[in-house]
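My plan is to jot down what I look up, one topic at a time.

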Amino acid sequence: MDVTGVSAPWVVCVPHGAAEVQRQLSALEARGGRVHHFDARDLTTEQGIHGSFAEVLQFPAYFGRNWDALVDCLGDLCGAVTGGGVGIAGVIRDADRLLEAEFFPLFVSVLCQGADRANASVDLDGLPLDRPALAEHFVLEFRDFDPGAIELRIRQPELAVTVGDGFVGAALDPEEWR
């Protein structure tokens with residue numbers, strides 16, 4: 001698990017305050033990358049997710065405030081919000097509040113889709129992009145970290161879910177998405 005580079009997993013679920021994740025987030029910032037914090041209380045509805053992400057990540061005014069538009073904007077972040085192209089990590093504290101929400105599995109998938117696009121150096125047709133891959137990851141911090149329960153909630157056919165020592169990671173399953 002590395003939340004500073006352009007390799008999967010794109011979404012990492014960890015216990016609140018996990019030392020290794022904090023070290024990696026500090027390293028990202030030391031290189032000029034940005035760590036953006038989200039309050040899970042603002043993400044308990046789909047409208048809250050769209051509004052909070054638009055505000056924190058400075059989405060353009062034409063952001064459509066739907067899941068597809070969120071994927072598009074996450075896949076096309078630039079400028080100061082990314083540290084001039086170094087990369088970002090979005091940290092959602094108290095993610096426990098979201099675990100039982102009906103939309104939670106879809107939310108994780110959307111984060112993976114957007115980050116997969118950002119971390120790629122080619123477009124969806126396999127053509128080279130006019131920008132380098134951008135490190136983009138999302139860290140969901142849980143106060144009550146139960147890897148089994150988290151894995152069950154996010155496991156879906158299009159995601160590759162891994163359980164490691166102190167984390168649950170998710171990325172797009174290449175067999176489903178390529």
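This is a predicted model: local features need pLDDT of at least 70, side-chain atom pairs count only at pLDDT 80 or more; totals for chains, interfaces and linings use all residues.

Residues are numbered from 1 along each chain as its sequence is written, and side-chain values use heavy atoms, leaving out hydrogens and water.

**Entry 1: the loop between H2 and H3**

I stayed with Gln58, which lies in the loop between H2 and H3; helices here are DSSP runs of H or I with at least four residues, strands are runs of E with at least two, and both are numbered from the N terminus. Its phi is near 55°, a positive value in a residue other than glycine. I found Arg65 in the loop between H2 and H3 too, with a positive phi of about 55° although it is not a glycine. Arg65 has a relative accessible area of 49%, so I logged it as partly exposed.

Is Leu57 buried or exposed? Leu57 counts as buried because its relative accessibility is 1%. Leaving out residues up to four places away in sequence, I listed His36, Phe38, Leu74, Leu77, Val81 and Ile88 as touching Leu57, where contact means heavy atoms within 4.5 Å. From Leu57 to Ile88 I count 31 residues in sequence and 9.8 Å in space, C-alpha to C-alpha.

**Entry 2: Thr82**

Next I looked up Thr82, in the loop between H3 and strand S3 (87-93). Thr82 has a relative accessible area of 1%, so it is buried. Beyond residues up to four places away in sequence, Thr82 touches Gly33, Arg34, Leu77, Gly87, Ile88 and Leu134.

**Entry 3: H3 against H5**

How do the axes of H3 and H5 run? The axes of H3 (residues 67-74) and H5 (residues 104-118) come within 7 Å and cross at roughly 30°; I took axes as lines fitted to C-alpha atoms over the stretch in contact, with angles from 0 to 180 degrees between N-to-C directions. On the H3 side, the contact is made by Trp67, Leu70, Val71, Asp72 and Leu74. The H5 side includes Leu106, Phe107, Val110 and Arg117.

Technical notes:
Buried means under 20% relative accessible area, exposed over 50%, partly exposed in between (1.4 Å probe, protein chains only).
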